[in-house]
Amino acid sequence: VNTGQYREGTDEAVKLFDPLVVHRIDLNVPQATMDYLNSHTSGDYPGSHGEYQPASMTFTTKGAGGTTTPRMQVGLRLKGGWGSGNRNMDGKPAFKVKINYSVKGQKLYGLKKLTLNNMVQDRSMLHETIGYRLFRAAGVPASRTGYVRVFVNGVDHGLHLNLETYDSVSLDKRFISTKHLYEGAYWQDIIPGQAEAMQVDEGDPLDKSDIQALAAVNNISQYSPSQVSQWFTDVQKYADMREMIHQWAVERYIADWDGYSWQIKNNYYVHFDAQGIASILPSGIDQTSTGGLGFLDANSVGQMFANCMASIPCKSYYLGAVNKVRATAESLNLNQMIDDVSSTIQSDVLTDPRREYSYDEWTWAVADSKNFHNSRPAQANYETNSNTASDVKVSYNYDAWAIGSTATPVTTKVGPANPFYTVINGAQNCTVNSGSGVVTATAIGWCRV
């Protein structure tokens with residue numbers, strides 16, 4: 001829900017994720033916590049920054065009706081990987097703030113956690129704000145962003161990105177249910193032997209049967225046509241392929257060389273709902289929207305993307321998704337957004353005492369982002385031959401759900417293709433007419449069509 005020029009949502013926290021306002025955070029950090037943070041700066045893998053430590057915080061909202069919260073007792077730790085990590089408190093570290101660390105149930109405008117990125121690898125300080133907006137507009141559940149000026153014990157630590165944290169609060173806004181949220185990092189793929197090692201951020205850490213089932217399906221040779229064909233049938237029982245394909249399309253469109261669909265297989269989350277259906281969520285897109293990255297290269301990339309590119313129907317879907325992302329990016333007028341947001345943060349960039357590059361480098365990076373988004377639509381068209389997807393959308397209407405009840409689809413579509421309906425999960429509970437899409441309940445329980 002667009003509630004402002006670049007604001008999305010109707011929740012309490014929507015004003016914190018407005019990229020046209022720079023808010024302020026004041027952290028009071030005891031010496032013991034400071035010492036702990038300085039000894040836990042290495043961030044090679046999730047969890048490597050240690051545990052949250054006690055601190056306190058006030059949050060001051062700027063703009064009309066701006067207010068400062070009462071001082072809140074919170075938990076604090078550093079964050080960041082190889083490139084953005086390893087900054088101690090003498091530099092410009094990134095932070096995680098746990099609002100309910102000391103006070104059970106305490107929230108800040110409905111939020112349980114804050115993620116404050118230092119943007120030291122993004123000289124434009126825009127890539128995450130622009131990229132996540134494109135993800136969301138393309139139908140991929142992705143974080144919202146805002147900006148804050150961070151002060152620690154009265155010392156100015158400069159401009160930070162306020163990135164919406166993937167946790168139960170944000171996931172409940174995007175999914176009907178959540179069974180697990182796994183965090184993938186540094187060459188961890190969704191295949192046997194690697195998927196099980198992912199950190200569990202939400203859900204039971206002792207029950208990883210959902211990601212194990214998806215990993216087992218993905219464990220094929222993309223050079224075997226029969227295995228690839230069977231994979232595209234089987235994987236849809238465990239994954240929301242429409243969401244994943246669009247996620248990969250946006251990754252490639254914004255030249256995300258540090259995500260799942262490229263060779264490092266890093267910076268992504270895997271979400272499972274209560275029915276065991278997976279989605280991939282983006283993360284760590286600070287080094288995007290610059291340089292170039294091909295749309296079709298599937299060499300040594302994430303296994304699911306490699307399998308998709310080897311599958312004729314899945315690749316066709318992906319090619320259409322790329323051009324849907326292209327059209328979406330053009331409709332968003334991202335260059336205007338770059339101008340608007342850069343104008344908002346310009347004075348904070350200029351006065352940031354801990355930025356790791358010059359003001360001239362910032363202005364160059366902003367111009368580079370605009371050049372990237374100017375040229376990207378033509379590159380997407382060239383590499384995909386302007387392939388377009390039929391883009392079928394289906395919803396069901398029904399008055400009751402009992403044995404023998406029927407549900408009739410309401411279908412809208414773009415393109416000439418006619419939808420084909422099949423039950424891919426829960427076939428013991430329903431049947432579907434392949435042409436009309438009418439579902440008949442044969443038992444009580446969920447089914448996936």
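Colleague: How many bridges join β12 to β13?

Modeller: Five bridges join the two strands, which run antiparallel; strands here are DSSP runs of E of at least two residues, numbered from the N terminus, and two strands count as paired if DSSP finds at least two bridges between them. Before going further, this is a predicted model, in which local features need pLDDT of at least 70 and side-chain atom pairs count only at pLDDT 80 or more, while totals for chains, interfaces and linings use all residues. Residues are numbered from 1 along each chain as its sequence is written, and side-chain values use heavy atoms, with hydrogens and water left out.

Colleague: Which residue in β13 does N397 stand opposite?

Modeller: N397 stands opposite T408.

Colleague: And what is the strand order in the open sheet?

Modeller: The four strands run in the order β12-β13-β15-β14, with antiparallel pairing. Because β12 and β14 (430–432) stand at the edges with a single partner strand each, one side of each is left without a neighbour in the sheet. From one strand to the next, the twist averages 25°, taken between the N-to-C directions of lines fitted to C-alpha atoms, on a scale from 0 to 180 degrees.

Colleague: Switching to cysteines, how many disulfides are there?

Modeller: There are two, counting pairs of cysteine sulfur atoms within 2.5 Å. In sequence order of the bonded cysteines, the pairing is 1-2, 3-4.

Colleague: What does the link between C308 and C314 look like, and is it left-handed or right-handed?

Modeller: The sulfur atoms of C308 and C314 are 2.1 Å apart, and the torsion about the S-S bond is about -100°, so this disulfide is left-handed. C308 is buried at 0% relative accessibility, and C314 is likewise buried at 0%, where buried means under 20% relative accessible area, exposed over 50%, and partly exposed in between, with a 1.4 Å probe and protein chains only.

Colleague: Where do C430 and C447 sit in the chain?

Modeller: Their disulfide, with an S to S distance of 2.3 Å, is right-handed, with 110° about the S-S bond. The pair links distant parts of the chain, since C430 lies in strand β14 and C447 in the segment after β15 (439–441), 17 residues apart. C430 counts as buried, at 2% relative accessibility, whereas C447 is partly exposed, at 22%.
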